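Hi,

Here is the structure I said I would pass on. Have a look at it first, and my notes come after.

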Amino acid sequence: MRGDGDRMIRAAGGVLWRSSASGAVEVALVHRPEYEDWSLPKGKLRRGEHPLVTACREVAEETGVRAIAGKRLEVEHYSTARGPKAVEYWAMHGPDAPFRSTREVDHLAWASVADTRRLDYQGDAYAIDALEALADSVRCGSAVLLVRNARAVPAGRWHGAGGHRLLDILGREQAESLRRTLPAFGPSRLLSASEVRFVDTMRPLGAELGLAVEIEPAFGEEEYAVRPRRGMTRVLELAAAGGTSAVCAPGAVIRHLLAGLAEDAGLDVREYPAVKGSVWALFFSGARLAAADYYPALTSPRP
């Protein structure tokens, strides 16, 4: 059995940025009096918490900014007295908010990327370098979340119409995980294929955000098989509208959409996994896919 010192300590944080009056990128740094250091806002995961949720919570607590998550950045690995530690980072952006000093964080500073050399941790600097490497379109552009439907009662055990299949126990857990996690991206529209299992996957998220789930037949498997270009066009329309939209669709549709978007953009995306309850976060520059992150299902599969 491994000792406590061998267990991975998991944490998450954000590279919170804004544009200065001159248009330059500034990054939020926080000062921790206990350690007398400057660092990026970050903290340990709570039990059962997804790192993305941790990152948004810690940024809000330490800076006052309720930020929207964007592209996933670096994972910082280092050793501590309590064991190895991994910190995951996301690019984040949000409206300015009043800073309030706490016992853990007593100062907030906005620094240019060049001035972030005051950081006391090299891993934080790597995360800022990763932010700087992102194109402006990825930092500022729109996003579309492609959500694979949660698991439903198997067709062989369902006695009603196929389109009315309900989520099973694991599927309901997956939908609940999406409700907890996807608000980090700030979606303002929710769309779904018409079958019940797709709508029910998005319904808890809609209740959380106060949004209706819009039915979009173009993302249904049968409709997409006949008119794939219509589904692709619909995604590009959502991207062009700005902000973040979330779309629930079958795995086959998601994989085909990803392959087409990546090919058109010249991106080297070699695999397109889309397990049930998973999410692809797509970031657009105009009508072109600029970057993509995959988030596997957030609950453990049952036998």
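Some ground rules before the details. This is a predicted model, so to speak of local features I needed pLDDT of at least 70, and side-chain atom pairs count only at pLDDT 80 or more, while totals for chains, interfaces and linings use all residues. Residues are numbered from 1 along each chain as its sequence is written, and side-chain values use heavy atoms, with hydrogens and water left out.

Helix packing first. Two packed helices are described by the angle between their axes and the distance between the axes. Helices (H or I, at least four residues) and strands (E, at least two) are DSSP runs, numbered from the N terminus. Axes are lines fitted to C-alpha atoms, for helices over the stretch in contact, with angles from 0 to 180 degrees between N-to-C directions.

Helix α7 (residues 228–240) and helix α8 (residues 251–265) have axes that come within 10 Å and cross at roughly 70°. That makes α7 roughly perpendicular to α8 (the label covers 65 to 115 degrees; under 35 is roughly parallel, over 145 roughly antiparallel, the rest oblique). The crossing of α7 and α8 is right-handed, meaning that the near helix is turned clockwise from the far one by less than a right angle. On the α7 side the contact (heavy atoms within 4.5 Å) uses Pro228, Gly231, Met232, Val235 and Leu236, and on the α8 side His256, Leu257, Gly260 and Leu261. By class, that is six nonpolar, three polar and no charged residues. Here Ala, Val, Leu, Ile, Met, Phe, Trp, Tyr, Cys and Pro count as nonpolar, Asp, Glu, Lys and Arg as charged, and the others, Gly among them, as polar.

Tyr224 is buried, at 6% relative accessible area (buried is under 20%, exposed over 50%, partly exposed in between, with a 1.4 Å probe and protein chains only). Its C-alpha atom is 10.0 Å from that of Pro250, 26 residues apart along the chain.

The second pair is α4 (residues 169–181) with α5 (residues 196–209): the axes come within 8 Å and cross at roughly 35°. This crossing is right-handed too. Ala175, Leu178 and Arg179 of α4 meet Asp200, Thr201, Pro204, Leu205 and Glu208 of α5, giving four nonpolar, one polar and three charged residues.

Now the strands and loops. Asp37 sits in strand β3 (residues 37–39) and is buried, with 3% relative accessibility. What does its side chain make a polar contact with? The partner is the side chain of Arg32, at 2.6 Å (a polar contact is a pair of N or O atoms within 3.5 Å; within protein, one must be able to donate a hydrogen and the other to accept it, and residues adjacent in sequence count only if both atoms are side-chain atoms).

Glu36, in the loop between β2 (25–32) and β3, is exposed at 58%. Glu36 has a positive phi of about 55° although it is not a glycine. For context, most residues other than glycine have a negative phi.

Finally, Ala287 is in the loop between β12 (279–285) and β13 (288–295) and is exposed at 55%.

Cheers
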